Amino acid sequence: MKILVISDSHGKNGRMELAIEQESPLDLIIHLGDLEGGEDLLEAIAPCPVEMVCGNNDFFSPYPREKIIEAGGVRIFMCHGHNYGVSMGTERLVQIALQNQCSVAMYGHTHCPMIEEDQGVTVVNPGSISYPRQANRKPSYMIMEVTEGEKPNFTVYYMTGSPEGPQGWY
């Protein structure tokens, strides 16, 4: 199962569209919030099911602030992260994941990609596909690959160029 994980597009949808095009075929798309009105577009262009949560800038979003889903036998806790103090650390996310028997916790908000293990929970952030804040300042997204009965694999991809022009990956 191939899952595209994106976050913090903030209404700038060019790179989100490109990532979907480049990574298809996909089995699932997860958006971790701060779409800022891009929800309908994402659902319209998605070649597969979409799971979304709202972020701190999604004022009128009908989507929940957090959600638990199962994908390929993996239980995933999804949230934007702003309600869990992720700017200060991911300890609260790990505790919520453990309480809900989730082996993966996903969040956005910080605009910095991250993959870490804590108490048997894989905590991931795909970074921002529109406004990156990590040292290399490259928009990013994540691919989660799930094989039934195995631990999921996560890879961060960095994009270059403008959303309208040529793109590259590192």
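1. In this predicted model, a polar contact of 2.5 Å links the side chain of Glu23 to that of Tyr141. Glu23 belongs to helix α1, which covers residues 14–23. With a relative accessibility of 11%, Glu23 counts as buried, since the term applies under 20%. Beyond its neighbours within four places in sequence, Glu23 is in contact with Lys2, Tyr141, Ile143 and Tyr157.

2. The surroundings of Glu23 may be read together with those of the whole helix. The buried residues of α1 are Arg15, Met16, Leu18, Ala19, Ile20 and Glu23. An α-helix has 3.6 residues a turn, so residues three or four places apart point the same way. The buried residues of α1 pack against the strands β1 (2–6), β2 (28–31), β9 (140–145) and β10 (153–158), and also against helix α2 (39–45).

3. The peptide bond that joins Ser24 and Pro25 is cis, with omega at about 10°. Most residues other than glycine have a negative phi, and most peptide bonds are trans. Ser24 has a relative accessible area of 31% and is therefore partly exposed. The side chain of Ser24 reaches back to the backbone oxygen of Ile20, at 2.6 Å; Ile20 is itself one of the buried residues of α1. From Ser24 to Asp34, 10 residues apart in sequence, the C-alpha to C-alpha distance is 23 Å.

4. His10 is buried, as its relative accessible area is 14%. The other is Glu36, also with a phi of about 50°, in the loop between β2 and α2. Glu36, at 38% relative accessibility, counts as partly exposed. A reader checking the backbone may wish to view these residues beside the cis peptide bond between Ser24 and Pro25.

5. What does Glu117 touch, not counting residues up to four places away in sequence? The residues are Thr122 and Lys151, and the side chain of Glu117 makes a polar contact with each: 2.5 Å to the side chain of Thr122 and 3.2 Å to that of Lys151. Glu117 is part of strand β7, residues 113–118. Because its relative accessibility is 45%, Glu117 counts as partly exposed. Its C-alpha atom is separated by 9.8 Å from that of Ser103, which is 14 residues away along the chain.

6. Accordingly, the structure holds zero disulfides. Both cysteines are buried: Cys54 has a relative accessibility of 9% and Cys79 one of 1%.

7. As to the overall fold, the chain contains three helices and 10 strands. Read from the N terminus, the order of elements is β-α-β-α-β-β-β-α-β-β-β-β-β. Among contacts with a separation of 6 or more, 49% are between residues 24 or more positions apart.

8. The dimensions of the chain can be compared with a simple expectation. A compact globule of 170 residues would have a radius of gyration near 15 Å, and the chain agrees with this, having 15 Å. The C-alpha trace spans about 45 × 35 × 35 Å along its principal axes. Of the 170 residues, 53% are buried. The chain exposes about 7,700 Å², of which carbon and sulfur atoms supply 48%.

9. Regarding annotation, UniProt lists residues 1–148 as "domain: Calcineurin-like phosphoesterase", in an unreviewed entry. In the model, this span is 18% helix and 30% strand, and its end C-alpha atoms lie 8 Å apart.

Note on methods:
Residues numbered from 1 in each chain as written. Predicted model: local features only at pLDDT ≥ 70, side-chain atom pairs only at ≥ 80, totals over all residues. Heavy atoms only, no water. Helix = DSSP H or I, 4+ residues; strand = E, 2+ residues; numbered from the N terminus. Buried < 20%, exposed > 50% of the residue type's maximum accessible area, 1.4 Å probe, protein only. Polar contact = N/O pair within 3.5 Å; in protein donor to acceptor, adjacent residues only side chain to side chain. Contact = heavy atoms within 4.5 Å. UniProt positions renumbered as here; feature names shortened; annotations may be inferred. Disulfide = S-S within 2.5 Å. Rg over C-alpha atoms; globule rule 2.2 N^0.38 Å. Areas by Shrake-Rupley, 256 points an atom, 1.4 Å probe, with all protein chains shown as cover.
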